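Hi everyone, thanks for coming. I'd like to walk you through one structure today, so let me put it on the screen.

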Amino acid sequence: MRFGRAKQRLRLVYTCLAALLAAGLPSAVSAQQADPEAGFPNTGPISGYMDFHFNKVDNQPGVIDFHRFVIILSHSFSSRLRFVGELELEHAFVEGLEESGEIELEQAYIDFLLSRRLNIRAGMLLMPVGIINERHEPPVYNGVERPFVDTVIIPTTWFDAGAGIHGDLGRGVRYRAYVVAPLNALEFSAEEGIRGGSQHGSNADVRNVAFTGRLEYLGVRGLTLGASIWTGESSFATPRLDTSVRVGALDARYRRERLELRGQFAHVRIDDAARLNDSIGRTVGVPPNIAEAMRGFYGEAGYRVWNAGPARDLVAFVRYENFDTQFRMPEGYQPLKEFDRDAWVTGITYYPDPDIAVKFDYVRLRNQSGVFPDRHQLNVGLGWWF
């Protein structure tokens, strides 16, 4: 029965995509025109990105995974009304409700373009938090996998239903500010923090809405500075709790000639974490040891060893990350040191074309437990957008 329902969902998705392709979308604009913050390539009404990886951890067998296949659609109804959608298939296939692949509607919104300074956006939105969540296509970051901080502390890819405003205030300042569905605190965990809490716009409970926003400054050539926030009451499934969640992030990117630098700091605060642990523990039998504060940061330096244009671009990079989902515990709970982690990632990214990235890196992941060994991982990947 479950398998039959999954096949029906896939058939519906295929039918919708086929109808859009058959229509030809004659008035559509490129995805880049539709959302300049996302950095999509200037290709047309149908675009997308893909990546597949080879991962080898320590003495374990190597694994090949076609991680993502993403279709991005855009359409202009008029000069002031436009649509952008993003449909993602992960891990190549979906079978019933088993843990294999998954299909996600990561973006599907309408832009009401009023002026350069003020525009309205509504639908399924990416949270404007950090560097990677809105810009997660393979050619725009170094490393085969996304940074740990942008996976564990900021739960990239983080999306939900909502509405808000965005615009360019001039002099290098632009912003996004949305009202969105809150997180579900009952899905938080010790290892992955708030990552499991997103409702993904699926019958989302909005008894108390959340707010998110981002401010960026691009007034200096080669430099982008960003500040992001997300805040919302997240205990709607257990009303007697007061689990407010606040996420804050600061980031910077700088490029000058061959040198490329980027860094990010992110912090998560969970109120009433002790009672949240107690409530979940009464239900499942064991408290999940959710922290009241989580923190992560990283710094990355890249250098263009080759810098001669397409087919001769090669970037060597190194990144240090520190991330702890048990940074500060509520009273009566002790931190699990295996979740206080740091990592060194070093590798190269080769661009035979600006929209194609061939990647190689080596990761050393450590923890502070003294019981669990360090993890050493070799990654090779190919990612592209079109």
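I'll go from the surface to the core and then to the salt bridges.

First, the ground rules. This is a predicted model, so local features need pLDDT of at least 70 and side-chain atom pairs count only at pLDDT 80 or more, while totals for chains, interfaces and linings use all residues. Residues are numbered from 1 along each chain as its sequence is written, and side-chain values use heavy atoms, with hydrogens and water left out.

Let's start outside. Phe52, Phe54, Ile64, Phe66, Phe69, Ile348, Phe360 and Val380 make up a nonpolar surface patch with about 680 Å² of accessible area together. For a patch, residues need over 30% relative accessible area and no salt bridge, and nonpolar side chains (Val, Leu, Ile, Met, Phe, Trp, Tyr) are joined within 5 Å. Areas are Shrake-Rupley with a 1.4 Å probe, and for residues only the protein chains shown count as cover. Strands here are DSSP runs of E, at least two residues; helices are H or I, at least four, and both are numbered from the N terminus.

Ile64 sits in strand β2 and is exposed, at 66% relative accessible area. Our classes are buried under 20%, exposed over 50%, and partly exposed in between.

Now inside. In soluble globular proteins, nonpolar side chains tend to be buried together. Here the largest nonpolar core has 44 residues, and Trp158, Phe188, Trp230 and Ile270 have the most contacts inside it. A core joins buried Ala, Val, Leu, Ile, Met, Phe, Trp, Tyr and Cys through side-chain atoms within 4.5 Å. Beyond four places in sequence, Phe188 has contacts (heavy atoms within 4.5 Å) that include Val245, Ile270 and Ile290.

On to charges. The whole structure has 25 salt bridges, each a Lys or Arg side-chain nitrogen within 4 Å of an Asp or Glu carboxyl oxygen. Arg304 pairs with Glu260 at 2.6 Å between the closest N and O atoms. That pair links strand β12 (residues 293-307) to strand β11 (residues 259-270), 44 residues apart, and both partners are buried. Arg304 also bridges to Asp313, at 3.5 Å.

Asp278 is partly exposed, at 36%, whereas Arg282 is exposed, at 66%.

Conventions: Patch = residues over 30% accessible without salt bridge, like charges linked within 9 Å, V, L, I, M, F, W, Y side chains within 5 Å. Buried < 20%, exposed > 50% of the residue type's maximum accessible area, 1.4 Å probe, protein only.
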